[in-house]
2 protein chains.
Amino acid sequence: MSDLLTRRTRLLGPNVPTFYDTPVHIVKGEGVWLWDADGRKYLDCYNNVPHVGHCHPKVVDAIARQATTLNTHTRYLHEGILDYAERLTAKFSHDLSQMIMVCTGSEANDIALRIAQAVTGKTGFIATDNTYHGNTTAVSQLSTRRPPIGGYPDHIRLVPAPDTVRPVGGTHDGQADAFAENVAHAIRELEVAGHGFAGLMLCPTFANEGFPALSPGFLDPTVKVIRQAGGLILCDEVQPGFGRIGTHWWGHEWLGFAPDVVTLGKPMANGHPCAALITRPDLMKTFRDAFGYFNTFGGNPVSCAAALATLDVVEEEDLITKARNVGEYALERLHSISHPLKAEARGLGLFFGLEFVNDDGTPATDFTARVVEAMRENDVLLNRIGRHMNTLKMRPPMPFSKDNADLAMDILDHVLATTPYD
Amino acid sequence: MSDLLTRRTRLLGPNVPTFYDTPVHIVKGEGVWLWDADGRKYLDCYNNVPHVGHCHPKVVDAIARQATTLNTHTRYLHEGILDYAERLTAKFSHDLSQMIMVCTGSEANDIALRIAQAVTGKTGFIATDNTYHGNTTAVSQLSTRRPPIGGYPDHIRLVPAPDTVRPVGGTHDGQADAFAENVAHAIRELEVAGHGFAGLMLCPTFANEGFPALSPGFLDPTVKVIRQAGGLILCDEVQPGFGRIGTHWWGHEWLGFAPDVVTLGKPMANGHPCAALITRPDLMKTFRDAFGYFNTFGGNPVSCAAALATLDVVEEEDLITKARNVGEYALERLHSISHPLKAEARGLGLFFGLEFVNDDGTPATDFTARVVEAMRENDVLLNRIGRHMNTLKMRPPMPFSKDNADLAMDILDHVLATTPYD
């Protein structure tokens, strides 16, 4: 372990992030399970990238079969990307019917910004003040975890993220309007500064923001403001997408709005580097006329085979229904937890948040960190999110079962009962 | 075919680039060979992505084996990325000893720009006026094939690309100094404009610029100028790297200079979406202190297995020596070609250029285009490059043999003898 950390610092440099005080050394995965080098078995309650389960044989077979046959690029014709685009776009409404395939969610969001720029002729973007949409130069300017190199640029405005414990505008009922007012204010600022308003980028479940409990319709006042200003809605479905939320394929369908651009990433091909952008033909044409985009690896036959197999498994194993049912069951157990610092339990399908607040109303950040470490010591992998990192984040692979949920919740009960909180 | 093109436009939108007047529909690859849907077999003289040959069984096996075992991310410890980093960085000198793994050359170059920005505190970059380094918002600003959306920004300066037929400064002997003078002038402009000079990004073989015939030492006067100004040299090895040029692992070793940052892409994992950046520990530390970079798919165990297997095959099959020997042989045959429009044949290992100029000295762009199409009709896939797209580009997979070279050159002889040129 210490040898691995030493080699890592020597070969990769300092500050390369790991999870946990003592990082885990994982060597094997299967379904919802991970094993470390000592043979210790962990229940994976965190990873959404292995969407249909770690090392799902159908996805592995699809990758191996296509890699044995052909792996080129989209400058030659190939049915793989077309078959996948047909299947994927059929899952969307709102005329979201055309696709660009890339390799990472960051690349997809980087294009999304340029589509908005090409379509509106403006350069100003809005995001929330506690978000992450990716790591390219352009996209990192919308992120608040760490300032982008060169500092925050003037053409980006960040509005307060929604929150259920400390709602924007002070009240839960007024939060949707308060959020929209802040967006309207940011738009005016961008217009006054001469940038104009190109678009708002958001995750429809505000996952990095802390995954606040919101209701469908929350974004309606904001959508109205954006439409009036002529900007685009860029919807980052990297976390909620592909049925994670149990009731719908996409977060925006659950929240109930029509995005102009949707971006997809992590879970798309069960871990194979693959991401995509979906938009309307009119917007795609404007972008494609303005910029000759080509991505060497994007949409290659192996990536398409991996993505198609992942989509097949979601459907064949009815994983969205399963996510809803298991999710409802696990959320009931979260709701039933009694703990002095528990502020709120929330969930959508197989995405859960459990927020802790101290007696004096301050976020219980340290306690939440201790719970994450204790869960890992009890062989359950999860993590935490939110502005104050005081919300447990559980987002297991989709085959997560009722038994898996019981195991995770039993251990959580034990950890909460034994972790000191004052 | 027409059905595929119709589906493609419907699902991917307009202006999605393809090769050839009638695009090829490739369904199978093996070694240096590609097959289309009608069973027609093509000699691949173009693709560098399948570096050790299409569908090399050792790389396919490595991908399949690792995908069956585990595919996660670098927030958990894993030996795969460390084993690969150790093997890869051992191929570099100049204290280039630390690595970031990403998914595309564009992502690597996007980071390279930020390293220069973090290290120098400046924002001005220089590239040549006929290049391509990738497709992110930031990197596309350095490319000249099509203006970036929003127009060319003021902090990017483009200097005339070297050229053997029409050298910078007018003479071949004076070209190295003239190139350096233009870089010095651009640095002064960036300083006067208040951006300052962060770095120069270049491909050490100027591949997209037309792959001009240059000699080792060409960059020496430019390096001196850059060092005096305090900027970084960002070396894009996506095309020359991994032994393509036959005499060295990297283009900068051949040209004879010490870059601060090296980026790698296309051939790195034989088609699996994988790319990397290599730099010195001091520069890595500055970047890692300034920005919390993490890439979900970058450096995952499967990508590392694919990259390691590709490196293994390069060594086990002695492909660099082979590239030098076959390259020398093929270049002799190119030199022996007699054609009224032939201006220059050039080559380094398995990268070749054959430039055509009309009687009146203008670039023979149309003729070169017809040659590319005629080669494809004769079952040889290649393409063209350069400012005027009047240079045939041949860059086959590394297992390309003397027999393959003879076949390609025999067909080229035939095509040149039968393609009208006036």
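Good morning. A compact globule of 422 residues would have a radius of gyration near 22 Å, and chain A, at 21 Å, agrees with this. The radius is taken over C-alpha atoms, and the rule is 2.2 Å times the number of residues to the power 0.38.

This is a predicted model, in which local features need pLDDT of at least 70 and side-chain atom pairs count only at pLDDT 80 or more, while totals for chains, interfaces and linings use all residues. Residues are numbered from 1 along each chain as its sequence is written, and chains are lettered from A and ligands numbered from 1 in the order in which they are written.

Let me begin with chain A. Its C-alpha trace spans about 60 × 60 × 45 Å along the principal axes. The chain holds 13 helices and 15 strands; these are DSSP runs, numbered from the N terminus, with helices (H or I) of at least four residues and strands (E) of at least two. Of its 422 residues, 61% are buried. Buried means that 20 or more other C-beta atoms lie within 10 Å of the residue's own, exposed means 12 or fewer, and partly exposed lies in between, with C-beta atoms placed from the backbone.

I turn now to the pair of chains. Chain B is superposed on chain A by a rotation of 180 degrees with 0.0 Å of shift along the axis, at an RMSD of 0.0 Å. The two copies are therefore related as by a two-fold rotation axis. In chain B, the C-alpha nearest that axis belongs to B:Ala64, at 2.6 Å. The superposition is by least squares on C-alpha atoms of residues with pLDDT of at least 70 in both copies.

Finally, consider strand 10 of chain B, residues 275-279. Five of its five residues are buried. B:Ala275, B:Leu277 and B:Thr279 lie on one side, and B:Ala276 and B:Ile278 on the other. In a regular strand, side chains alternate between the two faces of the sheet. Strand 10 of chain B pairs in the antiparallel sense with strand 4 over five bridges, and with strand 9 over four; pairing requires at least two DSSP bridges. B:Val102 stands opposite B:Ala275, and B:Val262 stands opposite B:Ile278. Thank you.
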